[in-house]
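Work through the exercises below with the model open. Each one gives a task and then a solution in steps.

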There are 2 protein chains.
Amino acid sequence: MGNIVRLNRAQRQFKSAACCAEATGHQSSMCDLLQLMGADVGDDPLATSVLVPIRILHAGDTLFHAGFAAAAIYFVRSGTFKIFQTADDGYEQVLGFAGRAEVLGFDALCMGQYPTAAVALEHASVFVVLVQDIFALAQRIPVFDRVLHLAVSRALTRRGDLADAMAAVAAEVRLARFLVQLSQRAAACGQSPCRFHLRMSRRDIASHLGVAHETVSRSFSALARWGLVRVDDREVEITDMVGIKSLTCSTRRPVDQPVAQGPRQTYVRHAVNKPMTHAVAG
Amino acid sequence: MGNIVRLNRAQRQFKSAACCAEATGHQSSMCDLLQLMGADVGDDPLATSVLVPIRILHAGDTLFHAGFAAAAIYFVRSGTFKIFQTADDGYEQVLGFAGRAEVLGFDALCMGQYPTAAVALEHASVFVVLVQDIFALAQRIPVFDRVLHLAVSRALTRRGDLADAMAAVAAEVRLARFLVQLSQRAAACGQSPCRFHLRMSRRDIASHLGVAHETVSRSFSALARWGLVRVDDREVEITDMVGIKSLTCSTRRPVDQPVAQGPRQTYVRHAVNKPMTHAVAG
DNA sequence: CGTGATCTTGAAGGGGGTCAACTGGAGTGG
DNA sequence: CCACTCCAGTTGACCCCCTTCAAGATCACG
């Protein structure tokens, strides 16, 4: 795959001065953090008095490296992040993409260092909560404890989705599942579930889905040919939501008794091609 | 794959009377739970006074179903569990296997229902903490809050390992990574890192690794042929720990400048076969 | 305009999915 | 006790899909 550390372009592109820019961070209050996370915090004087630093990142900036000491956890205020771990040979395995109101770096708690790295894919900002403060804050501000638990629970669910996407045999199905996930996530944020701009490169998607990046390209072309999506570089529009969702159902050898209807639609791969060409023809 | 719901045999095999047997559960104290999780709890009178139910399960028993309302989270006291989600067509995607001191069902918190299911692979017992009690307990017993956060952090890391195992191109590498994970996990529990009994079927492993179960069989045979492991049904012995660990390093197209040493060892698949046959010959 | 990146498409080869057949063990019922 | 059934596990054969290598298009930047 060669999903190698390639920050050069992004760094040049966005002219981020410093790689690990702690720069231009200001302060906010715990109250804002709780509101971001969807908690109902009346006017808790304690929450408003506790200050929480904010860190600003440019595209390509690294929020934290894998293997570094666990200094803090982060709550995404804006922007998108790529979560990945790097193998010995430099291969990046992308575990997921995190957006607004998601927690980052929590998996470092149990081992004292980050098992994964996080890189901003666009201009972004995060709330910073130092590891050494977490438990004290959780005790002093119960609603923060609740918010944290819920956020981590969501992060856990997200990583389950990862397996979902990688489990499909056909590459087109993997991509379809990924796009549907993005769509539903966008909808949950109040954005359009049909049109969105991909923040990540084909390489990142490929690593996330466990295929070669050329295969991602081909799968995009296939989905477009079948009339399910319209693709222009990183602009994606889902033109047939029903069709793409039905495609995502193709897993492996479905059941012991396949369907016993129609012309032996046993293979998944066939199910991938057949109905789609029909859909194009129809 | 046909990784279908096949509890019949297990149920018959172990003669578990009720599928969802809440049966024969007794009570224990929060103190025991905290000690299980590795916390140092002196003689906290509060912790000893809080009672925590224990649930006993037989092999094949379901701890909780996917889609059911989130009633409780569980801490594994003994035994092994299979965590999985079931697709519409009945395909089981195995997300992982959980053992002693791991938390189960936490991902249900954020959505009110379990996104995954958990089934006991052997005789097992768990501590039961009702969802409605979690936050109150976390506030009353700070150590419990800490223990919970750490356990969830570990669960998050575990799901990262899942992607690691599924990311490899070659099936033998996936299996090797899985075995190394099991080995390291066993070592962390004070058991032998070289010999262990697999609690899960080939089908479960296949689903976990994202391959067909026939491929798992073939990969076991290949690893044995290369002298890395000895396999007898579910009894596994790692006979060449260095060799199997070096095998796990094979990812995808390593780096842009391969190694430039020796005869162009660019392909992973070659690296899989070549050195191993040498190892057998040598 | 050269450089280097992303993205796309083509061609070739092989690995693994799928189906099939076989073995062996466990439970069932005669 | 022994046939019978069911299932886990293994191995073989076929062939499609994906990986890999390669080349071209496009864009950004100096």
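**Exercise 1.** Find the order of the four strands in the open sheet of chain A and state how they pair.

Solution. In this predicted model, the strands run in the order β3-β8-β5-β6 and the pairing is antiparallel. Next, look for strands that pair on one side only: these edge strands are β3 (62-64) and β6 (92-98) of chain A. From one strand to the next, the twist averages 30°. Then take one pair: β3(A) and β8(A), residues 117-120, are joined antiparallel over two bridges. Within β8(A), A:Ala118 is the bridge partner of A:Phe64.

**Exercise 2.** Which strands of the sheet does helix α7 of chain A touch?

Solution. Helix α7(A), residues 202-209, packs on the sheet and touches β5 (81-86) and β6 of chain A. Its direction makes about 100° with that of β6(A). Helix α5 of chain B, residues 142-167, also touches β5 and β6 of chain A, at about 135° to β6(A).

**Exercise 3.** Classify the crossing of α5(A) and α4(B) by its angle.

Solution. The axes of α5(A), residues 142-167, and α4(B), residues 131-140, come within 11 Å and cross at roughly 130°. Angles of 65 to 115 degrees count as roughly perpendicular and those over 145 as roughly antiparallel, so the two helices are oblique to each other. The crossing is right-handed. On the α5(A) side, the contact includes A:Asp145 and A:Arg146, and on the α4(B) side B:Phe135. The contact residues comprise three nonpolar, two polar and two charged.

**Exercise 4.** What relates chain B to chain A?

Solution. A rotation of 180° with 0.0 Å of shift along its axis superposes chain B on chain A, with RMSD 0.0 Å. That is the relation of a two-fold axis.

Definitions and conventions: Residues numbered from 1 in each chain as written. Chains lettered and ligands numbered in written order. Predicted model: local features only at pLDDT ≥ 70, side-chain atom pairs only at ≥ 80, totals over all residues. Heavy atoms only, no water. Axes fitted to C-alpha atoms, helices over the stretch in contact; angles between N-to-C directions. Parallel < 35°, antiparallel > 145°, perpendicular 65-115°, else oblique. Left-handed = near helix turned anticlockwise from the far one by under 90°. Contact = heavy atoms within 4.5 Å. Nonpolar A, V, L, I, M, F, W, Y, C, P; charged D, E, K, R; others polar. Least-squares fit on C-alpha atoms with pLDDT ≥ 70 in both. Pairing = 2+ DSSP bridges.
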